[in-house]
Amino acid sequence: MESYMNLGHEQVAAQLFPGELIDVKRENSLFYFVCANKLILQINVLSDKIIRFRYTTTGYFGRDFSYSGAQLYKGQIKYLDLLEEEEKYIIITSYLECSINKKNLKITIIDKDGVLISEDEKGFHWQEHLKYGGDIVMYTRKIQSGERFYGLGDKPCDLDLRAKRFELWGKDTYAFGKDTDPIYKNIPFFFGLHHKIAYGIFFDNSFRSFFDFGMERPNVASFWAQGGEMNFYFIYGPSLIEVAEQYTLLTGKPELPPLWALGYHQCKWSYYPESKVREICQTFRQKKIPLDCIYLDIDYMDGFRCFTWNKEYFPDPQKMISDLMSMGIKTIVIIDPGIKIDENYWVYREGVENSYFCKRMDGPLMHGKVWPGECHFPDFTNPKVREWWANLFEDLIKKGVSGVWNDMNEPAVFEIETMPYDVRHDYDGDSCSHRKAHNIYGMQMARATYEGIKKFMAPRRPFVITRSGFAGVQRYSSVWTGDNVASWEHLQIANRQCQRLSISGISFCGSDIGGFILSPSGELYARWIQLGVFHMFCRTHSSGDHGDQEPWSFGEEIEAIAKKYIEFRYQLLPYLYTTFWQYVTYGTPALRPLVFLDQYDTETHGRQEEFGVGDNLLVCPVTSEGQEGRWVYLPEGQWYYFWDDTYYDGNSEVWAEAPLDIIPIYVKAGAVLPMYPIMQYVGEKAVEVLYLHVYFCKTHYESELYEDAGDGYQYLDGEYNIKAFKTTLDKNTFRLSQHIEGKFKTSYLQYKIYLHGMPSTPMNCKVDDEKITLTKENCCYTFTIHSSFKLFECTI
């Protein structure tokens, strides 16, 4: 028996394998392969590129249910056929051929060009779980020559997972380090890349699970779980981006957040009393450092009782929140799952009276210590409990709270780490133990929170952030990477974690800027804020017992740098919002590791510092102390250095000077980069002129700009704009065209255009056949035109 199957220290029996194939059935896109030993393989072709494999060892399938929502997905199938040959059956789609061996049910998948994509080693096999019953389900595949692996959510390791092993069992990992495993989130999805072709596998199983990418046996990749079904989805690219998009569509797209949620957030454990909160917010405004959100950690509560206020610290929270809102600052409050055992506490009484709390196997309520002391924990897998929990937010929202932060929801329990295995959960009508529910608990708490916030914030959009989650958590919440440390190593980890989360379906992510534990140096904070402004969730957060961590806490030089980049964040908001819209619409990750930008260049496969933000920006943070420059690898295409418009060809390594106030940023040639004027918060003033930075290129290039009201749901009724910009060069004529779809009325009627990288002085300049004059500003040529223009052209 191979040792990898014993990881987790469970008592197991001998390995079992599929028996003799005795029957094959087809029901439209469903195929059943029945073996003599009661094993059944169900193959469901969900689209031309997505195939689901589901196994049972009992002769029948149980309820088809997952909180990921993947079982509900229906894609487009253009062609589907089943062929039988002497040794195998072949399921054929427009892109793939999936062969099922008649002797052992081993799977082989090739593409339409005959290139081998995936090949089973042992394939599916299982062992009886002697201690808990059911099966330990396992799958092994051959690793192909040169294959690399990516994904798995928030793992704090190198981007390439090859030769590593991982566990998914959400855990409160205070001060986690590089390669700590497991940590907070449970995303059982990974990419494979070999021969420049990409695929993905989503193992939809909520039990404690493991992934081995050639650690134990160098040429074999395995995944297994300590219960449940072997149920996975194979996703064909052939590009990494396409795999990521399809996975996000499979597990569910989020909705657009309020635009202010993409602004800058400030947090600390803890800002209290009220006078301190007001002082922090007033200082932001006095120093003209933009801020949209302030956070209240557990000390705002009465004895850490959720949904209460400490009247000594916050005697009139509604007035304070209203006053902060008048300054443009939204208030976000923390809510944990632990409900204090206190007969005088109304939330506790409601939970007990209605049996909303988790129980042990023999009946008593599960209790454990967290911040309030002894607590009970709601069973968020019960629809009635989720509805109750959602309604608890009514008073907070009426008081003006704009969003909620869910913490400790792995779930974390002091002294014993988490709930015992025997704790029972409803699991939406299919009762189970905590072994099955643990990895989805945090996600279902975030879901219930989201549903409550959305209900009471209507018609405005909700904002939720969670520490733990399972595949599909992006439908309900943003995430952060957890309790990190103020160290240079953790700055590197944050960069890789957010790239990994983004390609794992969760683009709305960020880290605690500066580190939650210990105090950063000014240099470290400056470098971290430079990175953090490119993450979709941008928040400084720290533990109060380690000192202050506001942008002005490190002296005037660092304050000026922090201010510069927070302002830059606000200037980039139309670009970042467009990037988020692409994520919501197509499933495209907001952050894209270098290999996702050019998988055909093997030099990108192992790089992990550089990353793309949206379609047109490449960023490479400085992550080492005392470093004032670094090498950057540019992927295919042509690029401009953002700070001085220096032109570079791609597929090359270049040196970037990076003194403390500079992070290397590159813009794709041909791009149109939209920018706002600097604001102190989203909506501070109406945008009267939108700035468009246009970068010359010698080929054809397209950029997008998405616009709507930034809050509310009018965009679902057509109140939006999608602006398509095209740049072209035809002989010596450079053109910029615009096509507008939608009916949203913007506050601005003008663009100010900045032409970057023009090889010579533009001549014969016209907008919609009207002659115009350009002005030289630094290295750019500028002009102002009506925002409805269709065509600008000039000769060079």
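**Notebook: contacts, strands, helices and cysteines**

**Entry 1, Gly-637.** I looked up Gly-637 and, leaving aside its neighbours within four places in sequence, found it in contact with Tyr-648, Asp-649, Gly-650 and Lys-668. Contact here means heavy atoms within 4.5 Å. I note that this is a predicted model, where local features need pLDDT of at least 70 and side-chain atom pairs count only at pLDDT 80 or more, while totals for chains, interfaces and linings use all residues. Residues are numbered from 1 along each chain as its sequence is written, and side-chain values use heavy atoms, with hydrogens and water left out.

I placed Gly-637 in the loop between strand 35 (629-634) and strand 36 (638-641). Helices (H or I, at least four residues) and strands (E, at least two) are DSSP runs, numbered from the N terminus. With a relative accessible area of 16%, Gly-637 is buried. Buried means under 20% relative accessible area, exposed over 50%, and partly exposed in between (1.4 Å probe, protein chains only). I also checked Asp-598, which lies 39 residues from Gly-637 along the chain; their C-alpha atoms are separated by 9.5 Å.

**Entry 2, strand 4.** I went through strand 4 (residues 50-56) and found seven of its seven residues buried. Ile-50, Arg-52, Arg-54 and Thr-56 point one way, and Ile-51, Phe-53 and Tyr-55 point the other way. In a regular strand the side chains alternate between the two faces of the sheet.

Strand 4 runs antiparallel to strand 3 (residues 40-45), joined by six bridges. Two strands pair if DSSP finds at least two bridges between them. Strands 3 and 4 form a hairpin with four residues between them, and Asn-44 stands opposite Arg-52. Six bridges also join strand 4 to strand 17 (residues 230-236), again antiparallel, with Phe-53 opposite Phe-232.

I traced an open sheet of nine strands in the order 5-6-7-8-9-10-16-15-12, with antiparallel pairing. Strand 5 (80-84) and strand 12 (165-168) stand at the edges with a single partner strand each, so one side of each has no neighbour in the sheet. Strand 5 is joined to strand 6 (residues 88-93) by five bridges, and Leu-83 has Ile-90 as its bridge partner in strand 6.

I looked at helix 8 (residues 488-503) and helix 9 (residues 522-532), whose axes come within 10 Å and cross at roughly 5 degrees. Axes are lines fitted to C-alpha atoms, for helices over the stretch in contact, and angles run from 0 to 180 degrees between N-to-C directions. Helix 8 and helix 9 are therefore roughly parallel to each other. Angles under 35 degrees count as roughly parallel, over 145 as roughly antiparallel, 65 to 115 as roughly perpendicular and the rest as oblique.

I then took helix 2 (residues 274-287) and helix 3 (residues 317-326), which pack at about 0 degrees with their axes 11 Å apart. Glu-274, Val-277, Arg-278 and Cys-281 in helix 2 meet Lys-319, Met-320, Asp-323 and Leu-324 in helix 3.

I searched for disulfides, meaning pairs of cysteine sulfur atoms within 2.5 Å, and the structure holds zero. The sulfur of Cys-358 has its closest cysteine sulfur in Cys-432, at 9.8 Å, too far for a bond. Cys-538 is in no disulfide either, as the nearest cysteine sulfur, that of Cys-498, is 11 Å away. Cys-358 counts as buried at 1% relative accessibility, and Cys-538 is buried with a relative accessible area of 1%.
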